Every structure is written in C-alpha cells, then in structure tokens.
Amino acid sequence: MGLGPTIQLRQSQQLVMTPQLTQAIKLLTLSNLELEAAIAEEVANNPLLEMASGEEGGDGPGESEPSPDEPGPAEDDRPLDYDFEQAALETDSFTDVTVASTDGEGFDFDRLEACETSLCEHLMAQLFGASGTIALLAQIIVQQLDETGYLTTPLSDIASDSGATKAEAEQALALVQSLDPPGIGARDLSECLALQAKAADRYDPAMARLIDNLELLAKGRMSDLKRICGVDDEDLHDMVRELRAYDPKPGCAFSAVAAEEVAPDVFVRRTAKGFAVELNGAALPRLLVNRRYYQELKRGPQDGKSKAWLSECLASANWLVRALDQRARTIVKVVSKVVERQQGFFDHGVAALKPLTLREIAEAIEMHESTVSRVTTNKYLLCDRGVFELKYFFGSGVASAAGDGASAEAVKAGIREIVAAEREVLSDDAIAELLKRRGFDCARRTVVKYRESMGIGSSVQRRRQRKISGG
C-alpha cells in the first residue's frame with residue numbers, strides 16, 4: 001500500500017443549524033417576559049423593526065402592507081374549510097372573535113395577584129417615626145431576620161458590630177418582637193410559639209411548660225406532659241390545639257422579594273362549541289416592519305455596503321416577524337391538543353387527569369417531541385380552575401377502570417381526599433383498596449410513593465398526630 005497522497009470520496013450526514021433556525025428554537029422556549037426582552041434587543045439593533053400597540057392596524061402579528069418595490073407574501077394557499085375563527089384566536093382577543101357566540105364572563109385576573117410586600121418592608125413601616133438608639137438597633141435587627149422571621153445572628157454580634165450594649169440590644173429585640181405578626185424576631189421555635197401565646201394572652205405557667213417540652217409533644221408522650229404541666233386530658237388537648245394554631249414560621253406570610261405575577265401565555269375558555277384556546281395578546285409584544293422607513297432609506301444615496309446592510313436588515317426583520325407568527329401558531333396547536341386530550345380535567349378537575357406524554361402530543365400534531373417540549377417549557381395556561389404550567393398536564397399514571405388510565409396527580413388527589421375523610425386511620429393497603437373502588441388500579445407501594453411525595457405521614461404517624469390533637 002502506497003504512502004503517498006490520495007483522493008477519496010466519502011459520504012456523511014450531519015445536522016447544520018442555520019442562525020435563523022437556532023434563533024427560532026430559542027424563541028419557542030422563551031417565556032413571554034423573556035421574549036419581550038429578546039425582541040426589545042432586536043428592535044434596538046434593527047432600525048426597520050418597531051413595537052406597535054394592540055390598537056394599531058394590521059392583518060396579523062407583525063404584518064404591514066408590502067410596498068410595490070419588494071416581493072409580496074406567498075399566495076394564500078389555505079383550504080376552503082380553513083377555520084378562520086380558530087386562526088383569529090391566535091392573534092386577536094377572545095371577545096373580538098367570539099363575543100357573539102358566547103355569553104360567559106371574562107377571566108378573573110384578580111386570582112393572579114400576589115403579595116408584593118416583603119417582611120422587612122412590613123416591619124420597617126411599623127418602626128417608621130421611631131427614633132433613638134433602640135429604634136436604630138431595631139431596624140438593624142429587622143434587616144438580620146431570615147425569610148421565616150427568625151433571628152439567626154447572635155444578638156451579641158449585633159450589639160458589638162453596632163457599638164451598643166447588650167442591654168440596648170435586648171431592648172431593641174423586644175421592640176421587634178412586639179411588632180406584627182406575632183412571633184417575629186424569635187431565636188428558636190419555642191420562643192416563637194411563646195411570643196404568639198403571649199400575644200393571644202394564653203401564656204400561663206402550664207402553657208409555658210408545654211412549650212418548654214416540645215420534644216415530648218413530638219413523641220406523643222401525653223402522659224408525661226400532663227404530669228409536667230399539671231393539667232388533665234381535656235386541658236392538655238385544648239392547649240395542644242391552641243399551640244397547633246400558631247404559625248411556626250410567621251415570616252413566610254410575606255415575600256422575601258417583591259413577588260412576580262405569573263402572566264399566562266394562553267387562555268382556555270369554555271364556549272358553546274367546546275373549549276377555545278386563546279393566546280394572551282396583552283402579554284405578547286406586537287412587532288411591525290417599518291416599510292415606509294425602508295423605502296426612505298432605499299431612495300437615499302447608498303454605496304454597495306449600505307445597500308447590503310439595508311437588505312440584511314429587511315430580511316432579518318421579515319424573518320423575525322414570521323418566526324414570531326409561527327411560534328404563536330405552534331403554541332396554540334400544542335395547547336389545543338393538550339386540552340383535547342385532557343378535557344376531563346377541564347370538565348371535572350384533577351381527578352380526571354389522564355397520563356400524557358410529550359411523544360403522544362408530538363405524534364398527534366405531527367411535530368418533533370423536542371418541539372413540544374420547548375413549547376411546554378416556561379409556559380402557563382389560565383382556565384376556570386386556575387393557572388397551571390403546561391408541564392402539569394404531562395406525566396405518568398396508573399391503570400384505571402375506564403381503560404385510559406389515570407395520571408399521578410389524579411391518584412394523589414384521591415389519596416388526599418381519602419386521608420382527609422378518614423375517621424379511623426387507614427393503612428396503605430386500605431387506601432389502595434379504596435382507590436381501586438374509585439377505579440384506580442394502585443398497588444400498596446404506589447400509594448406509599450405518592451403519599452410520601454405529598455408529605456402525608458404513615459398510618460402510625462397520623463395516629464400519633466391524632467392522639468396529640470385529641471381527635
């Protein structure tokens with residue numbers, strides 16, 4: 001065999017992703033907020049792109065009248081049975097398209113509101129107007145609280161760092177602990193519960209001894225607690241019931257930072273013809289190509305480099321508008337199929353959820369599974385039952401009497417209902433048997449797995465908890 005150079009012909013396959021394809025895939029994955037930021041960046045870099053309000057004209061998202069000097073869009077090849085109403089729902093509001101065919105009320109957007117006051121802001125507002133060393137130290141302590149409302153920094157460190165005495169730090173801590181909500185500024189669970197008992201005027205010697213012996217309460221040693229507290233069964237049960245009403249993490253009622261509102265990407269609404277899927281036009285940026293400005297630039301003096309740059313800007317703008325339109329249509333197509341497969345959920349709730357995979361949806365709409373995965377990432381759906389991430393509707397499940405199976409969420413809902421309604425504490429085998437009567441073919445190990453994932457204790461733990469609460 002010779003060692004000299006030779007010419008060989010080889011055939012191979014490889015996937016070549018153009019910059020446009022890469023960007024289209026990225027746009028499909030982005031949430032509405034991320035999409036708005038990405039489009040704002042494109043508008044800043046391309047003078048032919050501009051944002052438009054929803055009131056401005058146009059036949060679709062980002063469309064404008066083409067000029068005679070540039071090629072127009074392809075001829076309309078839509079079939080005669082094309083569903084114009086469904087297509088309009090992808091870009092127009094639901095009321096604009098179907099107001100004549102429905103008599104229901106609009107969505108209640110108040111359900112999307114979130115608490116935007118942080119714990120620090122809430123406490124600082126109560127300290128507003130106070131002055132002096134103690135008030136200043138109280139503000140420092142407030143800033144040291146963790147998100148649950150506990151003070152994890154040693155008080156001696158706060159005193160030394162601020163140049164105050166330990167007595168002044170204790171007074172400042174007492175001031176913080178007097179603020180709303182009760183229990184704030186505690187250094188451990190016992191102090192937190194004691195502060196709430198004092199605020200409720202229930203901190204008597206018996207309650208104090210009960211709080212000092214929480215480890216016995218956790219073990220269910222009620223006889224020892226009766227002896228230590230000096231009370232009978234009825235009094236002890238009342239004290240435990242009172243204790244259980246307190247909040248062990250009072251700071252969690254407030255957000256650590258201003259909470260961000262989840263803006264749904266699509267609406268699912270019941271109509272006379274079934275369920276309609278509507279894009280949330282208010283959350284989607286509307287992009288237009290400024291063709292008038294393009295004509296002005298084109299008529300001006302240009303060299304070869306400027307002409308190439310202008311053509312590139314126009315091509316990029318046109319492509320982005322088409323990519324956004326395709327993104328919107330793909331989302332509606334995927335969600336519509338999900339709603340069709342999970343119609344039982346929208347009619348009857350979580351108990352009617354069915355097992356569903358990305359592959360099933362991909363095969364039904366003739367798209368790749370990865371495309372469906374990107375569509376369901378960081379996307380939210382608003383329906384009569386609340387706001388749900390699209391991923392919520394996918395998951396494994398168990399066999400059911402109906403033959404279609406039941407999703408894991410449906411089984412979990414069944415377990416939750418059975419445990420909540422039990423008079424006598426049921427074993428996992430008993431729960432599995434009750435689920436079978438409801439049509440869920442669950443083994444005991446499946447019940448254990450789902451029960452533990454929901455944080456529901458075993459029959460022994462629930463029996464002990466019932467004993468503690470006096471049930």
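I started at Gln-196, which lies in helix H9 (residues 189-199). The model is predicted: local features need pLDDT of at least 70, side-chain atom pairs count only at pLDDT 80 or more, and totals for chains, interfaces and linings use all residues. Residues are numbered from 1 along each chain as its sequence is written, and side-chain values use heavy atoms, with hydrogens and water left out.

Is Gln-196 buried or exposed? Gln-196 counts as buried because its relative accessibility is 9%; buried means under 20% relative accessible area (1.4 Å probe, protein chains only). I then listed its contacts (heavy atoms within 4.5 Å). Leaving out residues up to four places away in sequence, Gln-196 touches Pro-182, Gly-183, Tyr-246 and Asp-247.

Next I checked helix H10 (residues 205-212), where Ala-206, Met-207, Ala-208, Leu-210 and Ile-211 are buried. The buried residues of H10 pack against H9, H11 (214-218), H12 (222-229) and H13 (233-244).

I moved on to nonpolar cores, sets of buried Ala, Val, Leu, Ile, Met, Phe, Trp, Tyr and Cys residues joined through side-chain atoms within 4.5 Å. The largest has 43 residues; Val-335, Leu-381, Ile-415 and Leu-435 have the most contacts inside it. Helix H15 (residues 304-341) gives the largest share of this core, seven residues. Where does this core lie? Domain 2 (266-295 + 305-395) and domain 3 (406-469) both give residues to it, so the core lies between them. These bounds come from an automatic or database domain assignment.

Conventions
Helices (H or I, at least four residues) and strands (E, at least two) are DSSP runs, numbered from the N terminus. Buried means under 20% relative accessible area, exposed over 50%, partly exposed in between (1.4 Å probe, protein chains only).
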